[in-house]
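Let us walk through this structure one part at a time. Keep the sequence and the 3D view side by side as you read.

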Amino acid sequence: MQKSTIVKSIYLFVLLGYVLCPFRLFAQDRFDVRASADTDRIRIGEQVKLELTARVDPGKLKEAGLQMVFPSLPDSFNHWEVVDRSALDTVTSAGTQEQLLRQTLTLTSFDSGRWEIPALKFEMIAASGSVDSAFSAPIGIDVNTVAVDTTKAFKPIKTIRTVAWSIWDYWLYMVIGAAVVLLALGLWWYFRRRPAKAPAPPPAPLEPAYDRTLRQLKALEAEKVWQAGNVKEYYSRLTDILRTYFEEQFGIAALEQTTAELLQNIKPVTILNQQRDKLRALLSLADLAKFAKLQPTPEEHADSMQKAVEIVEWTKPAARPAETPDAEGLKQKA
Amino acid sequence: MENTSQDIRQLNEKIHQASAFVDLLNLELSKVIVGQRYMVERLLIGLLAQGHVLLEGVPGLAKTLSIKSLSSAINAKFSRIQFTPDLLPADVVGTMIYNQPRNEFMVRKGPIFANFILADEINRAPAKVQSALLEAMQEKQITIGDTTFKLEEPFLVLATQNPIEQEGTYTLPEAQVDRFMLKVVIGYPTKEEERHIIRQNLNPGGMAAINPVIQPADIVEARKLVREVYMDEKIERYILDIVFATRHPEEYKLQKLKPLISYGGSPRASISLAWAAKSYAFMKRRGYVIPEDVRSICFDVMRHRVGLTYEAEAENVTTENILSEILNAVEVP
């Protein structure tokens, strides 16, 4: 082979190498990666800070359409546990175009020995999807156990340590307490200063049951209900007036009782029981008029009204005086 | 047609005369039945109102004796069916049997073909037997093979339930219980009554015989008169108020009952209450219904038609308590 041919071949390979691997050359040119630990030895369980940095030129990266990707470490690797990962921090250097990307990882190990943090891969991903990478240098860290002097005796467990009392431990409670006291004082002051409401006018005295019943009976008579042919309505209203009177005056649930039950239940009320025969005659006639379409004579209609009035008049002595709804309260005030 | 005052007066007189047999019946039955007037009265109400009676009480309270005596006094046919877990519907209604000499199937009628049936301990038989009986009660007819037989009138079923033994029983479902017009709960006789019962049973001459005082046809006629008993619209409203208060107690100022009632009375409850009230008025020899009639039979008509919630059962609230509250709250017309 001729010398010129060999030289041409070398040039050709160099040219091809340059054409085929431009990206790598760009990458080397455009960022510098590094991993450093804050110590090279720890005791078992202690933590070590691993700082990952990449120095890049953002202008050039943008121009080449590249994106930087930091190494992604698993939670546990090669006897190391990742305790914490900080967010990616960006620092721009003054007077230069360069940017420093930084992430701090907190690692720990629970196995003694010399463990290596392997070379970590930083990647540059182009918009076209091609990937270039750069690796940090591996770091070896000694993880030492605690030296135990087995010749010495066991020591007792330490007692609980008391923490010195400080008023500042309770500042929040004191502020809340003071606020409550101030609020209570404020409300007290507000209600004291507020003008008192005018007292409500006393309610109108209730009409005694006796008076109302007599008034209702007179009204029924005046309406001339049976004269208009409404016999059933006449007796229904007549007995309802009487039953309501018994309910209010003697506390008998007369509206919910049948004639027989009512006659039975008035027995303990002596004054009413004395009118039992009159009441029985009236209620029986009313039942016939209400439920059996009986048409009593006009004399019987008038007699029924007369009986009702007589029963109410007879029981008048038992009628209570008129009372206002808050009569008890007024008595107490007096 | 609207009843006039004159019509009701005549009806009242007619019923007063026609119901005289009630006193005769009571007199005849008192020859052998001591106490238990309440049960006998309810049996007559069911008989006159074309309803059936579910009787709840411990054994030995003269249930069988009462209905047997009643059927004797009416000169009617009586059957007693002891319900057991192995009873079949055919044992109640009858079946077709093969007659070898005549080479044909013949109908053999069951014990249900009688005027008075005592279905003893109805809850001991499975549901299909209960259904067979309850269908017969409702339809008043029985179909065996291809032939349908009308049951003889009057037809009264008195079913009993023992409240103390519930193991191995088939409790009647609510829908079936609803078919009984009355559910009567009977208790023990008084000390004095029980003394009479002992004497009567140990009498060397044996117990007195019951003589027929009326015929089944008289009961059928009486039933027609019961239907004619006048019920005023005020009474109808009173019945509706009671039944509706079991469904919507809050509308009758009984909010406290709302969580205690799982379901109220059905329309059949209203019908039964009206029927039973008329029947009761007839027995009291009246041609019209008054509120007392409704109240007197209300517990027996309604107690098996009101469902209780778990809350009510936990608080030992009974349907009787609920019905008492309702009757004390609903205004009497």
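Begin in chain A, where A:Gly229 is found in the loop between α5 (209-222) and α6 (231-250). Helices (H or I, at least four residues) and strands (E, at least two) are DSSP runs, numbered from the N terminus. This is a predicted model: local features need pLDDT of at least 70, side-chain atom pairs count only at pLDDT 80 or more, and totals for chains, interfaces and linings use all residues. Residues are numbered from 1 along each chain as its sequence is written, while chains are lettered from A and ligands numbered from 1 in the order in which they are written.

Is A:Gly229 buried or exposed? A residue is buried if 20 or more other C-beta atoms lie within 10 Å of its own, exposed if 12 or fewer, and partly exposed in between, with C-beta atoms placed from the backbone. A:Gly229 has 10 other C-beta atoms within 10 Å, so it is exposed. The C-alpha atoms of A:Gly229 and A:Gln295 are separated by 9.5 Å, although the two residues are 66 apart along the chain.

Now take helix α4 (residues 171-193) of chain A. None of its 23 residues is buried, so α4(A) lies largely in the open. Its expected span is 1.5 Å times one less than its number of residues. That gives 33 Å, and the end C-alpha atoms of α4(A) are 33 Å apart, which agrees.

Chain A also has an open sheet of three strands, in the order β4-β10-β11, with antiparallel pairing. Two strands pair if DSSP finds at least two bridges between them. At the edges are β4 (66-69) and β11 (131-135) of chain A, each pairing on one side only. The twist averages 20 degrees from one strand to the next. Five bridges link β10 (residues 121-126) to β11(A). Across this pairing, A:Ile125 stands opposite A:Val131.

Turn to chain B. It has 14 helices and 11 strands. Of its 333 residues, 42% are buried. Five strands of chain B form an open sheet in the order β2-β5-β8-β1-β9, and the pairing is parallel. Here β2 (78-82) and β9 (182-185) are the edges; each has a single partner strand, so one side of each is left without a neighbour in the sheet. Inside the sheet, four bridges join β5 (residues 116-120) to β8 (residues 156-161) of chain B. B:Ala119 has B:Ala159 as its bridge partner.

What packs around this chain? The largest nonpolar core has 123 residues; B:Leu133, B:Leu158, B:Leu273 and B:Ala276 have the most contacts inside it. Such a core is a set of buried Ala, Val, Leu, Ile, Met, Phe, Trp, Tyr and Cys residues joined through C-beta atoms within 7 Å. Helix α11 (residues 267-283) of chain B gives the largest share, 10 residues. Apart from this core lies another, of 17 residues, including A:Leu50 and A:Leu105.

Last comes the contact between the chains. It takes 20 residues from chain B and 13 residues from chain A. Residues are in contact if their C-beta atoms, placed from the backbone, lie within 7 Å. On the side of chain B, α1 (5-18), α10 (233-247), α12 (291-302) and α14 (319-329) each supply at least two residues.

Terms used:
Two residues are in contact if their C-beta atoms, placed from the backbone, lie within 7 Å. Axes are lines fitted to C-alpha atoms, for helices over the stretch in contact, and angles run from 0 to 180 degrees between N-to-C directions.
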